[in-house]
Amino acid sequence: MVTVEDREIIEAMRLCYEILKIAVEPSGAIGLALVLSRSFQQNPSWNDCKNIAIIVSGGNVDLDVFWETLRK
């Protein structure tokens, strides 16, 4: 099992917005945060993994909260 920190989830939300131009709620960005995390990338079980699918979901986010979160 691999866990991610809140700051990693916020960074994944930021990347989704900046690159994909979509606003996702924190729970929808966890998969991306996980794949981008150091603990995932350094896990020997995933060394041979060449294809990864991530479902990014959950656009039900309050935009005021979204902008405030990205400012952190």
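**Exercise 1. Handedness and angle of H1 and H4**

In this predicted model, determine which hand the crossing of H1 and H4 has, and how the two helices are oriented.

*Solution.* 
- Start with the hand: H1 and H4 cross in a left-handed way.
- Next, locate the helices. H1 covers residues 6-20 and H4 covers residues 63-71.
- Take the axes. They come within 9 Å and cross at roughly 110°.
- Angles from 65 to 115 degrees count as roughly perpendicular, so H1 is roughly perpendicular to H4.

**Exercise 2. Who meets whom**

*Solution.* 

**Exercise 3. H1 against H2**

Describe how H1 packs on H2, and which residues make the contact.

*Solution.* 
- Begin with the geometry. The axes lie 8 Å apart, at an angle of about 100°.
- Therefore H1 is roughly perpendicular to H2.
- H1 brings Glu8, Ile9, Ala12, Met13, Leu15 and Cys16 to the contact.
- H2 brings Pro26, Ala29, Ile30, Leu32, Ala33 and Leu36.
- Sort these residues: 11 are nonpolar, none is polar and one is charged.

**Exercise 4. Confidence**

State which elements of the protein chain have the lowest and the highest mean pLDDT.

*Solution.* 
- Check the whole chain. Its average pLDDT is 87, and 100% of the residues score at least 70.
- Then go by element. H4 has the lowest mean, 80.
- H2, residues 26-36, has the highest, 93.

Terms used
Residues numbered from 1 in each chain as written. Predicted model: local features only at pLDDT ≥ 70, side-chain atom pairs only at ≥ 80, totals over all residues. Heavy atoms only, no water. Axes fitted to C-alpha atoms, helices over the stretch in contact; angles between N-to-C directions. Helix = DSSP H or I, 4+ residues; strand = E, 2+ residues; numbered from the N terminus. Parallel < 35°, antiparallel > 145°, perpendicular 65-115°, else oblique. Left-handed = near helix turned anticlockwise from the far one by under 90°. pLDDT = per-residue confidence, 0-100. Contact = heavy atoms within 4.5 Å. Nonpolar A, V, L, I, M, F, W, Y, C, P; charged D, E, K, R; others polar.
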